[in-house]
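Here's a quick look at one helix and some aromatic rings. Have the structure open while you read.

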Amino acid sequence: MKLLNKIFPFNDLMDTVIRFPLSVICTSTLFVISLLLNHQAVSIDDKFIERLIVVLGTAFIMLGIIRLLAQSQGLSRTKEYSVSILCVGAIAALAWLPSLWWMHFFYLLPALLLALMIAPYLRSGDDLSVWFFNHKMWFGVVVSYVALLLFAGGLCTALWAVDILFSVPIPSEVYNDIWSFACLILGPLYALSWVPERFTFTKEDCNTPTGLKFIVNWISAPMVFIYLGVLYAYFIKILVTGEVPNGHLAYLISGFIGAGIITYLLAHPLREHGAPQLRLFYRILFPAMIVPVGFHFYAIWERIDAYGITESRYMLAISAIWFAFLAIAGTLKRLPIRAIPMSLAVLMLIATIGPWSAISVSGQSQKARLETMLIENNILVNGKIVAPTVEPSFETRKNISSILMYLCQTERDDLIKTWFSAPKEDNDFECIAHSLTEAMGFEFVSYYSETPDENSFAFYPQDQHYKDIAGYDRLIESNYLYMLTDEQDSPKHEITLTGEETFIVEYKAPYLSVTLTGMEPVTLDLEAFAKQLLATQSGEDNQRDDMSIRAENKDMLYRIDFNHLSGEIQEERADIQSISFDFYYKTKP
């Protein structure tokens, strides 16, 4: 026990539990959930469990911030717990109310980590105290996770050795439980035990680590100067040649300023007694940021003006605003180091929720761009999608495809589903970019496509099929196959209809087969059908009067109405790349 106490100070850990009881409850609950997941008592696919995990993880940090605020401001436990309940309720509401709930936490969590850095110093605090508090706290985080790796790794290795040497099988759940305990109990508690209990420190308290002195003096500061020189050389080239900055400039500037700010924060105790290059770095950093920040705004505006706002561009805009504040404020007067994380935390909180948030602004920006293009090309008429009489240009089709892919991947179905034929139920609408472009009368164009392929073809019906089931028993709608012939020899689409009855669509070039359980398969030479469409001269280049096939076999009468068929001409072959069709059938007596 004495040895264990030296390695893991249990008395200190108990003091930590008493100091941060609410945070400990959160991480302990996460540990219990982890045990239930490990032993398959609950499923990670359960939406409630998924949200609960995010809420507890976020609340762990939030409650730690409130505890530090309460200690620094002398608040009673009653006031602290009241604020804690309100904040946890707000986090839970954020997890359960918005449809894109998980995206909000991408902005909230960094904001909380930044707030944790200055929680005891919201009203006041000298730079040296702020620096030493964070040095002690974050060093403790690193040490605690090294400890948990040694604990869990060592214990699991010992159990593995028992398994190998003595043939005693150890269930995999035991290893998972050990790692869960280490990551969710031992690590967090050990990290919290490093958080200083007082918030004011003197020069005698603040001993700068020797390794840190070497890094900031001889690695970080010189690298920032090199980076600055490269950027200013590029700015001169832009002014001389008049070329427009490329799309990577904003990220390069963010990298330079970010490295500079991190060095500024880490090296604070050495600002007056460090090496000459470090002292020079402290004098010129903020004035040197002004020109890059100007180019940063310009580069971001160029991208937003051309392609609208996305979450990544929104964050670049946030970074530009933050950099501008630091450059101006730091140039005019000495900037307290607590103002640096505090200002970014405020901006990140603004980006988290509301009509001005990154999610809301990005979605509305891309919807507006898409709506404008669709109206200009007569694809969106009176609020509904129709097939245009003239195919849009290649660049327009590419931009429309790109926006649809973005909206579908980020699950923003609600922004566009009213444009399409109203489904019987909201759940019937599937946001699949390839299918949506078909409804708009053209084939999906990849973002990476540089020019239209002259050998490609894409056919659509001249008039959208009226889905009349008269004369048939059943209609199976929107059967879609996307075929990459060089990667997938036999693309397949399968639907379970009722009970054990299945509907299978499969393509083995050049034949398309449709199989219903217990019935003779329907087989169609799809390449021959595509050549027949290519030879048809009526209608627009990509539209055909008749894209239907009616036939029968020994078990059924059937009709296939193609909504889309595309591919490439390869010598005398017609390689099919994607199809979409509705299948009607009537069982023979």
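What covers the buried residues of helix 13? Keep in mind that this is a predicted model. The cover includes helix 5 (77–96), helix 6 (101–118), helix 10 (249–266), helix 12 (311–332) and helix 14 (358–376). Helix 13 is mostly covered, with ten of its 14 residues buried; among them are Ala339, Ile340, Pro341, Leu344, Leu347 and Met348.

As for geometry, helix 13 runs over residues 339–352 and spans 20 Å from its first C-alpha to its last, close to the 20 Å expected at 1.5 Å a residue. After helix 13 comes Gly354, which has a positive phi, near 110 degrees.

Now for the rings. Searching the whole structure turns up 23 aromatic pairs.

The Tyr472 and Tyr584 pair ties together distant parts of the chain, 112 residues apart. Tyr472 sits in the loop between strand 3 (456–461) and strand 4 (474–482), while Tyr584 belongs to strand 12 (residues 573–587). Both Tyr472 and Tyr584 are buried. Phe583 and Tyr585 are buried too.

Elsewhere on the aromatic list, Tyr264, Phe281, Tyr282 and Phe286 make up one cluster.

How values were computed. Residues are numbered from 1 along each chain as its sequence is written. This is a predicted model: local features need pLDDT of at least 70, side-chain atom pairs count only at pLDDT 80 or more; totals for chains, interfaces and linings use all residues. Side-chain values use heavy atoms; hydrogens and water are left out. Rings of Phe, Tyr and Trp (its six-membered ring) pair if their centres lie within 6.5 Å; planes under 30 degrees apart count as stacked, over 60 as edge-to-face and the rest as tilted. Helices (H or I, at least four residues) and strands (E, at least two) are DSSP runs, numbered from the N terminus. Buried means under 20% relative accessible area, exposed over 50%, partly exposed in between (1.4 Å probe, protein chains only). The expected span of a helix is 1.5 Å times one less than its number of residues. Contact means heavy atoms within 4.5 Å.
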